[in-house]
Amino acid sequence: MTTDTGPQTDAAAPTPKLALPWWTPGDTNAFFGLGFNILVNVLTLTALTIGVVQVPSDIVLGTVLPALGVALVLGNLYYTFLARRLARRENRDDVTALPYGPSVPHMFIVIFVVMLPVYLGTGDPIRAWESGLAWAFLIGVIVMIGAFVGPYIRRLTPRAAMLGTLAGISITFISMRPAAQMWEVAWIGLPVLAIILVGFFTDMRLPFNIPVGLAALLIGTAIGWIGGYMSAPDVSAAVENIAIGIPDQRFDLLFNGLSDLAPLLGTAIPLGVYNFTEAMSNVESAAAAGDSYNLRSVLLADGAGAVVGSAFGSPFPPAVYIGHPGWKDAGGRANYSLASGAAIGVLCFAGLFGVLAALLPVPAIVPILLYIGLLIGAQAFQAVPRLHAVAVVAAILPNLAQWGTGQIDNALAAAGTTATEVGLDALDGAGVVYGGLKTLGEGAVLVGLILGTIVTFLLEKKFHYAAAGAVVAAALSFIGLIHAPEVEWAAAPEVALGYLFFAAVCAAYWFLPGARTPVVVDDGDLVEH
């Protein structure tokens, strides 16, 4: 009598080693999309550094951008390694690398809050540049410290709070400016937006599998040039100013900036905290899309990128971008981010950004940012239980407030005045509750995480946890990490008192009948289901 052992032999056979492709058709789509995203940001920071702080163009194109290029290449190489390692560990070929590039909020903060005041006070753009380098270095150090506490914070923070905060950033700072730039020149921006929305949100494919991002850019650029929006003399002038830059260390400038740390701490500490909390939210967003990365590895890489960039002369800290789910939906896998970083790095080293700014219409590039904003905003509601939708909205509000006050401040500055000079009473009389918006929006990322967390606990009737969250908010308000313009003792005592009263109310509810009856949260009850 014989025994058929075939099935047992098959079951015991080792799992074949996963063969990961180095490139997929989806990587091409994601490469052009992310590449244009980073391109817009680098074009913006180049224009701000030269136009606002008056750093000479040869220094920006020959030193600052090559330094940024070093950080982009090394960072994206690392994130490609993490993606391929995760793919092999989980035996999946659909893992998408985390996107990485210069941080958008930090671009504006280092220019307008750190470098510009130094330039206005000294008249020396080099001194301003040195301050920016020191600030970026501090940001990197704080983020690396955050790598050791961030994972614990992530475990304690509900997903609704993290994704809601991310949605607030994406709707305001990522989406609104591109939307305005598009509708300002709608005859260029809207056709490009149509191509991107159809290409990335539906199953439609272009003839010959032309990448969506490439097609959108080419059509938008062609419309811009044919319609007379662009200028040929500007291209000629930009070509004459090409400055090839070889990355070189700038420790002397960095140490000069570090010699006067005190003025930088007020923004470096909260912005460093912002960096690691945003990275925490981005990692959670990637996990919601199916790719669970180690948060500590991400934070250490982000911090190291800022430190390395500042040592070579870049005051612009790079970071993991919002938008991983968008590039995953576009078909991006492990290598699209490295290709994007390498391509932008080459452009940085070659000093070609002045030429690109003259060649490519801005309304043809920025719709890709609006796509990312739409996707992340939608994910915040789709990847949490329906019960937590209220918490998502609560987490969005602080970033809306911060964006709104920024718009008010910029408009008043353009008119040669400030909110203080106009007066809060006058603004209130015009229907602008400036003081309240300003307070709500200070430290918006941290505030969003805290509000979203507190509301989530309230919805689940975990009143004692909500009270604890409110006490934390009171402490952070008192020292100025949230709801205050700078870090100091007794920075926002009235807000701190308000949170303590909030905590008292939550604690009182904890002792009422029915308060301890658990609320069943169905994790499968998602909006997308």
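The lining of the second largest pocket in this predicted model consists of 16 nonpolar and four polar residues, with no charged residue among them. The pocket holds about 470 Å³ of space, and helix α23 gives the most to its lining, with six residues. Helix α23 also packs against α19, with the two axes coming within 8 Å, and a search of the whole structure finds three cavities of 30 Å³ or more.

**Second largest pocket**

- About 470 Å³ of space lies in this pocket, and of the 20 residues that line it, Ile153, Thr157, Ile450, Thr453 and Val472 are the closest to its centre.
- Four helices, α6 (150-156), α12 (262-288), α23 and α24 (463-479), each supply at least two residues of the lining.

**Packing of α19 and α23**

- The axes of α19 (residues 389-414) and α23 (residues 444-459) cross at roughly 160 degrees, and the two helices are therefore roughly antiparallel to each other, angles over 145 degrees being counted in that way.
- The crossing in which α19 passes α23 is right-handed.
- On the α19 side the contact is made by Val390, Ala391, Ala394, Ala395, Pro398, Asn399 and Gln402, which meet α23 residues including Val447, Gly448, Leu451, Gly452 and Val455.
- The residues of this contact comprise 11 nonpolar and five polar ones, and none is charged.

**Packing of α8 and α18**

- Helix α8 (residues 186-201) packs on helix α18 (residues 367-382) with the axes 9 Å apart and at an angle of about 45 degrees, which makes α8 oblique to α18.
- The crossing of these two helices, α8 and α18, is right-handed.
- From α8, Gly189, Val192, Leu193, Ile196, Leu197, Phe200 and Phe201 meet Pro367, Ile368, Leu370, Tyr371, Leu374 and Leu375 of α18, and the residues of this contact divide into 12 nonpolar and one polar, with no charged residue.

- The largest cavity contains about 140 Å³ of space and is lined by 15 residues, with Val104, Ile174, Glu278, Tyr321 and Ile322 lying nearest its centre.
- Two or more residues of that lining come from each of α2 (25-51), α4 (104-122), α7 (159-184), β2 (318-320) and α18.
- The lining of the largest cavity has 11 nonpolar residues, three polar residues and one charged residue.
- In the second largest cavity there is about 60 Å³ of space, and its lining is formed by Leu20, Pro21, Thr24, Arg84, Ala87, Asp93, Val95, Arg333, Ala334 and Asn335, a set that divides into five nonpolar, two polar and three charged residues.

Notes
Residues are numbered from 1 along each chain as its sequence is written. This is a predicted model: local features need pLDDT of at least 70, side-chain atom pairs count only at pLDDT 80 or more; totals for chains, interfaces and linings use all residues. Side-chain values use heavy atoms; hydrogens and water are left out. Axes are lines fitted to C-alpha atoms, for helices over the stretch in contact, and angles run from 0 to 180 degrees between N-to-C directions. Angles under 35 degrees count as roughly parallel, over 145 as roughly antiparallel, 65 to 115 as roughly perpendicular and the rest as oblique. A crossing is left-handed if the near helix is turned anticlockwise from the far one by less than a right angle, and right-handed if clockwise. Contact means heavy atoms within 4.5 Å. Ala, Val, Leu, Ile, Met, Phe, Trp, Tyr, Cys and Pro count as nonpolar, Asp, Glu, Lys and Arg as charged, and the others, Gly among them, as polar. On a 1 Å grid over the protein atoms alone, a cavity is a set of points where a 1.4 Å probe fits but cannot get out, and a pocket is an open set with protein on both sides within 12 Å along at least five of seven lines; lining residues have an atom within 4 Å of a point. Grid points are joined across faces, edges and corners, and a volume is the space filled by probe spheres set on the points.
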